[in-house]
Amino acid sequence: MRRSILTAATVVRSKNSGPYELTLDILFKDRARFELFRRRGVVTRRRIAALYRRPAADILKIVYFEPSNALKITMRRPIPSGDAGETDIYGAQQHAPLLGLTY
Amino acid sequence: MTAPKKEFRVLSATAILGYGFPEASFREGLRRRPHLIGADAGSTDPGPYYLGAGKSFTDRSAVKRDLRFMLTAGIRRGIPVVIGTAGGSGARPHVDWCEAIVRETAAEEKLTFKMAVIYSDMDKARVRRHLRKGEIVPLSCVPPLTEAVLDESVNIVAQMGVEPIRKALAAGCQVVLAGRAYDPAVFAALPITLGYDPGLALHMGKILECAAIAATPGSGADCAFGRLRGDSFVLESPNPKRRFTRVSTAAHTLYEKSDPYHLPGPGGELDLTGCSFTELPGGRVEVRGSRHVGTDRYWVKLEGVRRAGFRTIAVSGTRDPIMIREIDPVLAGVEAQVRDILRAERIEGRIRFHVYGRDGVMGALEPVKTVRGHELGIVIEAVGPTQAAADSACSLARSTLLHYGYPGRISTAGNLALPFSPSDARMGEVYEFSVYHLMPLARPDGFPARTVTVRGGKERK
């Protein structure tokens, strides 16, 4: 049976990384869950692109950061912070699609 | 230079000057005998408006309250006080705004001190010279700068590194008020001058600039304390309710960054690939292995914005299930109708609907395409080249949507619940980011600075 990300993570968040990029962080409860999640290869550029309805080229980086058992995904903002059509200046409410991940 | 044996202690007052801190935390921080009191005062996070309009996103009285504690403690105890990105965006009007608050506080508290005011505004002609030489490099996802965009841009600032702050402190200034500054530079300038390792000093600054946000439970309105040593630094919370943990500290290293291992800044980058975080007793964390790697040329980040018009909005909602079912064609119909009328009336203006309950939060990134709620919030937004044009477009969009006839409509008295009278609110100028590029700097300490003696005592005579 696949596990929900909600049982494995203590933090799932999004934020601007400057006005042109959005960065998503998943912090895992412990090293074991972090390692299992990483081994399962759940997060790929294509998967994130599909979740957020963006072209794969817009998913810029997927980095596993061991010191905090964390996964960081950085993507191009669909529009820069504050440009016409903006919905979230700080980029702090763009994490919800990640909450449906299973591993 | 060999690293000093003594520790260098830093009190970071708050995450952003004006966000506040408990007095007890600040007092406890002072009891730990800091060599420096600092606060970062800004960010691009609140969006392009504040830089463009020359206004602070923090409240004046809140900034004054924080400054009062920092200045009185710093001047009376002989501890340097450094403020970075004064006024929120760090352009001249922001720095001058913050300086006025410092002077007012000094007068009220009878404080006399030497202060450096460092400006970070970047002359357009200078940017243009570099642009013509191909030396203006866009950051990730940013379009290349053109001369036309440069012409339209206002309040261009360069993010200074430690050098101008070091220079001011070396000149004996007790208070440094810096324009746009790399956040960690506020905390790292003095210890780097004293011979501490720049990698450790900057990494400690990187964490301290957000103060207690990096502790657990996190808070943007509390102090943090750092002890810089020869080969490590230690973070601790002056508030007994919080502590630093390995995870809280390492997690903060991720915060608002694209890549947690490589953090670029003025003149180089922080390389954290060999970094370790170790928990110590008492809610403290020790960090080792952070390295600063300089680049061949010294590059600084430029930030600038251009005006995109004026905005007027109206907040409204609908509770009608048929309207909610038809929301997409209804709004498309209203938009087309409004566009035609504006064109006929020769009013330049563009309307947009923010539909909460559909995709108001995520816009194009929203994967959920079905509307399930029993009500929708609709924010009508109009942007035009003048405030009057924006007002006209918003008013027209509101009245058109209010009385728009759609297929199956049975609620014929009005389509919207409007919570306010007046219904339309002027939002003023609209700005957008136009410059977010790197530029080489021949003299990293060459930011224009003024040294002034603030005589608080005499002004109150």
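Good morning. The model is a predicted one: local features need pLDDT of at least 70, and side-chain atom pairs count only at pLDDT 80 or more, while totals for chains, interfaces and linings use all residues. Residues are numbered from 1 along each chain as its sequence is written, and chains are lettered from A and ligands numbered from 1 in the order in which they are written.

Helices (H or I, at least four residues) and strands (E, at least two) are DSSP runs, numbered from the N terminus. Two strands pair if DSSP finds at least two bridges between them.

Let us stay with the hairpin. β12(B) and β13(B) are joined by five bridges in the antiparallel sense. Three residues lie between the two strands of this hairpin, and B:Gly282 in the turn has a positive phi of about 85°. In general, the side chains of a regular strand alternate between the two faces of the sheet. Strand β13 (residues 284-288) of chain B has B:Val285 and B:Val287 on a covered face, whereas B:Arg284, B:Glu286 and B:Arg288 are on an uncovered one. Strand β9 (residues 233-236) of chain B also runs antiparallel to β13(B), with three bridges between them. There, B:Val234 has B:Glu286 as its bridge partner.

Where do these strands belong? They are part of an open sheet of ten strands in chain B, in the order β12-β13-β9-β8-β1-β2-β3-β7-β4-β19, with mixed pairing. Its edge strands, each pairing on one side only, are β12 (276-280) and β19 (449-455) of chain B. From one strand to the next, the twist averages 20°.

Further along this sheet, strand β4 (residues 112-118) and strand β7 (residues 175-178) of chain B pair in the parallel sense over four bridges. B:Met115 has B:Val175 in β7(B) as its bridge partner.

Which elements of the sheet does helix α4 of chain B touch? This helix (residues 92-109) packs on the sheet against β3, β4, β7 and β19 of chain B, and its direction makes about 155° with that of β7(B). Helix α3 (residues 60-77) of chain B lies across β2 (36-40), β3 (81-84), β4 and β7 of chain B, at about 160° to β2(B). Axes here are lines fitted to C-alpha atoms, for helices over the stretch in contact, and angles run from 0 to 180 degrees between N-to-C directions.

How do α3(B) and α4(B) cross? Their axes come within 9 Å and cross at roughly 55°. The pair is therefore oblique; angles under 35 degrees count as roughly parallel, over 145 as roughly antiparallel, 65 to 115 as roughly perpendicular and the rest as oblique. Residues that meet here include B:Leu67 and B:Leu71 in α3(B), and B:Ile101 and B:Val102 in α4(B). Two residues are in contact if their C-beta atoms, placed from the backbone, lie within 7 Å. The residues of this contact divide into seven nonpolar, two polar and four charged. In this scheme Ala, Val, Leu, Ile, Met, Phe, Trp, Tyr, Cys and Pro are nonpolar, Asp, Glu, Lys and Arg are charged, and the others, Gly among them, are polar.

B:Tyr404 is in the loop between α13 and β18 of chain B. Leaving aside neighbours within four places in sequence, B:Tyr404 is in contact with B:Val330, B:Gly333, B:Val334 and B:Asn415.

Finally, I turn to chain A. An open sheet of four strands in chain A has the order β1-β2-β4-β3, with antiparallel pairing. The contact between the chains takes 38 residues from chain A and 37 residues from chain B. On the side of chain B, α10 (246-254), β16 (350-356) and β18 (424-440) each give two or more residues. That side has 24 nonpolar, seven polar and six charged residues. Thank you.

Notes
Buried ≥ 20, exposed ≤ 12 C-beta atoms within 10 Å, placed from the backbone.
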